[in-house]
Amino acid sequence: MLTRKQRDLLEFIHKRMQRDGVPPSFDEMKDALDLRSKSGIHRLITALEERGFIRRLAHKARAIEIVKLPDSLGGAGFVPNVIEGDAPTPRRALRDALPVELHATELPVMGRIAAGVPIEAISEVSHTVAVPGQMVGAGKHYALEVRGDSMIGVGINDGDIVVIREQTTADDGDIVVALVVDANEATLKRYRRKGRMIALEAANPAYETRILPDDRVKVQGRLVGLIRSYPT
């Protein structure tokens, strides 16, 4: 079941694609639903995608494809309008019609990272994942699958995918991928420096803060995004 805002957005996208052949812009969606920010549109689009009503075409036209409609919008006789073949003109038109926020980027998933007791460091790519373009900026990025519950206090749950920007430094309070060098263990924790010591703080009172000499801790990246995983 869709919320009223989700249904209104789906209806607006459907009507504009029927009229123009391309999705409306991010700003047009925001204005049509009388929302204050584009982040609200992003949440609605993500919800529609998770419920199977739309699909974002990251590797084709980088566009939105309506997969189905609810019965209240005539879904019983709806057939998706899919662009076939490699004709560049319609693909480019659809791509250019979308704001940067809706473009997807493929990132390598480097394996699993412990949000709990540190696990053996992972450095091999297991697969890739598409993430919204707004999550990544300059620099190299990668993704990790979270295992454990030590960071649930900041909304990072077991099974989530975290998006990490590669960097070797961190500011106090950053959530980082920290490698415990001599143990070859990696963990996801909040970083704090205390003189020549590094504190790796959990966000769950069931876990103690680990305090290690700074020469034992190597920062391998900083958290910049999160993809929630919902049980099926």
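Mentor: Buried means under 20% relative accessible area, exposed means over 50%, and partly exposed is in between, with a 1.4 Å probe and protein chains only. This is a predicted model, where local features need pLDDT of at least 70, side-chain atom pairs count only at pLDDT 80 or more, and totals for chains, interfaces and linings use all residues. Residues are numbered from 1 along each chain as its sequence is written, and side-chain values use heavy atoms, with hydrogens and water left out.

Trainee: Why does Thr187 count as buried?

Mentor: Its relative accessibility is 1%, and the limit for buried is under 20%, so Thr187 counts as buried. Thr187 lies in strand E9, residues 185-194. Helices (H or I, at least four residues) and strands (E, at least two) are DSSP runs, numbered from the N terminus.

Trainee: What makes the link between the side chains of Thr187 and Lys189 a polar contact?

Mentor: A polar contact is a pair of N or O atoms within 3.5 Å; within protein, one must be able to donate a hydrogen and the other to accept it, and residues adjacent in sequence count only if both atoms are side-chain atoms. The contact joining the side chains of Thr187 and Lys189 is 2.9 Å.

Trainee: And Asp34, buried or exposed?

Mentor: Exposed, because its relative accessible area is 69%, against a cut-off of over 50%. Asp34 sits in the loop between H2 and H3, and has a positive phi of about 55° although it is not a glycine.

Trainee: Why is E8 called largely enclosed?

Mentor: Because six of the six residues of E8 are buried. Ile175, Val177 and Leu179 cover one side, with Val176, Ala178 and Val180 on the other.

Trainee: How do you know which strands E8 pairs with?

Mentor: Two strands pair if DSSP finds at least two bridges between them. E8 (residues 175-180) has five bridges to E12, in the antiparallel sense, and six bridges to E9, also antiparallel. In E12, Val177 is bridged to Gly221 and Ala178 to Val219, while in E9 the partner of Ile175 is Arg190. E8 and E9 form a hairpin with four residues between them, and Asn184 in the turn has a positive phi of about 50°.

Trainee: What makes a group of residues a nonpolar core?

Mentor: Such a core is a set of buried Ala, Val, Leu, Ile, Met, Phe, Trp, Tyr and Cys residues joined through side-chain atoms within 4.5 Å. The largest has 18 residues, of which Leu9, Leu10, Met29, Ile41 and Ile45 touch the most other members. Its largest share, five residues, comes from H1. Apart from it lies another core of 17 residues, including Ile175 and Val177.

Trainee: How do you know how far to trust the coordinates?

Mentor: The chain's mean is 77, and 73% of its residues reach 70 or more. Over residues 76-98 the pLDDT is below 50. Where pLDDT is low, the predicted coordinates should not be read in detail.

Key
pLDDT is the predictor's confidence in each residue, from 0 to 100. Contact means heavy atoms within 4.5 Å.
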